[in-house]
Amino acid sequence: MRFAFFDAKPYDRPSFERFGAEHGVKFKFYETKLTPDTVGLARNCDGVCTFVNDTLDAEVLEALADLDCKYLALRCAGYNNVDLKAAHDCGLRAAHVPAYSPYAVAEHAMALLLTSVRRIHKAYIRTRDFNFSLSGMTGFDLHGKTVGVVGTGRIGRVFIDICRGFGMKVLAYDKFPAKDAGYEYVTLEELLSRSDIISLHCPLTDETRHLINCDTIRLMKKGAVVINTSRGALIDAECLLEGIKSRQIGAACLDVYEEETDYFFEDLSGHILNDDILARLISMPNVIVTSHQAFLTEEALSNIAETTVQNIVQMHDGLPCANELVWKDGEIVHGSAK
Ligand code: NAI
C-alpha cells in the first residue's frame, strides 16, 4: 500500500518508515500540507496520512475520491478538520489515533504552567545574559491553589493527577462527567468563577468553539491563569488579548492558537508575522506560546506511527478497526465492526 504523507516533518519519518516497512505500507513524505492545490500528490496512492492542519473539506475529499484514494489515516487525535459526512459520501474511510500519550500533553500543560508562574522563560533569558537580578520574578505557589479542568477525558485526568501531586484543589467540568471520579464536578460558570488556574482538555466542537469568550472571561477570578493545550478555537483570541490587557487574565499558556494553521510547525523567523493578535500575544510578558508541541515526545511519536499503521492495515484487511470514524445516521460513531 502507498500513502501520501502530508505536512511531513523530520521527526515523523523514522517511526513511520519503521512501522510502515513492517506492515507493507509505503509512505511518500511531502512537506506541504494537504490543500485543494496539493491533493494531486495523492495520485496512485491508496490513501493519505494527515495531521491537524491539513485540509480535509468536501472539495479535497471529492478530489481524493476521484484519484481512487480509499483511506484517510489521521495521525492525530482531533478530527475537527475533517468533513466526515463528505468523506462518507465519497466512500472514503477515516481512522484517527485517539490516544498516544496523554502524559505528553498533560505534562506539557504543567510545564507551561510552571514556566509561567515561576517566570522560567524570563530567568532563562536573563541568566544567559549574566543578568542575575530577581526583580519582577516573584511567582506564586501552586500548592493550595484551585485548578479548574474543562474536559476530564484521558488528558484531563492525567493533568488532574499531576495537579493533585502539587497539592492543588481540583474542580472539573465535563459534558459527560465521570462516575465516582473522586473530584468535584461543577458547572462551567462555577468552575470559571472559583478557579485560580483553568486548563482546557475538551475537544473542539460546535458547542465548545469559543468556550472562553468575552462573557466567560468576565466570570473568571481576576488574575486567573488560562492554559490551552487542546484546540485553539476553544478560545476567542481577541477576547483573550483584551482579558490580558485589562489584567482580568493574569497569564496565558497556549500550545494552540485559533489561527495557527499558517504559522505553527514552520520556521518563520525571517518573516513578518501577519497575525496581529498572535504577534501581540507573543509580545506579552505573561503569555507563553508553544507551537502545538504538547504531543511531541519520543513515546508519543512511536505510538502515533504504530497505531496509524495498524488502523490502515485493519481497514484494508477488512478487520474491525476500533479507531475508525464512521458517519452514521448524521453522527460520528467510533469503531467499525468490519
Ligand atoms: P478525550 O476524548 O479522552 O476527552 C475529552 C473530554 O472532553 C471527554 O471527557 C468529553 O466528555 C469531554 N467533552 C466533550 N464535549 C465537551 C463539552 N462540550 N464540554 C466539556 N467537556 C466536553 O480526549 P483527550 O485524549 O483527553 O484529548 C483532549 C483534547 O486534547 C483533544 O480533543 C485534542 O483537541 C487535544 N490534543 C492536543 C494535543 C496537542 O499536541 N496540543 C495532542 C492531543 C490531543
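This is a predicted model: local features need pLDDT of at least 70, side-chain atom pairs count only at pLDDT 80 or more; totals for chains, interfaces and linings use all residues.
A pocket, in the sense I use today, is an open set of grid points with protein on both sides within 12 Å along at least five of seven lines, and its lining residues are those with an atom within 4 Å of a point.

Let me begin with the second largest pocket, which has a volume of about 220 Å³. This pocket is lined by 15 residues, and those that lie nearest its centre are Y263, F264, L273, L278 and I282. If we sort the lining of the second largest pocket by class, we find nine nonpolar residues, five polar ones and one charged one.

How many cavities of 30 Å³ or more does the count give? By the rule used here, the count comes to two.

The largest cavity has a volume of about 80 Å³, and the residues that line this cavity include D7, K9, Y11 and D12, together with F265, F295, L301 and I304. F16, F51 and R75 also belong to the lining of the largest cavity, which divides into seven nonpolar residues, four charged ones and no polar ones.

The second largest cavity, for its part, has a volume of about 60 Å³, and among the residues lining it are N228, G232, I235, A237 and L240, as well as Y257, E258 and L281.

Technical notes. Residues are numbered from 1 along each chain as its sequence is written. Side-chain values use heavy atoms; hydrogens and water are left out. On a 1 Å grid over the protein atoms alone, a cavity is a set of points where a 1.4 Å probe fits but cannot get out, and a pocket is an open set with protein on both sides within 12 Å along at least five of seven lines; lining residues have an atom within 4 Å of a point. Grid points are joined across faces, edges and corners, and a volume is the space filled by probe spheres set on the points. Ala, Val, Leu, Ile, Met, Phe, Trp, Tyr, Cys and Pro count as nonpolar, Asp, Glu, Lys and Arg as charged, and the others, Gly among them, as polar.
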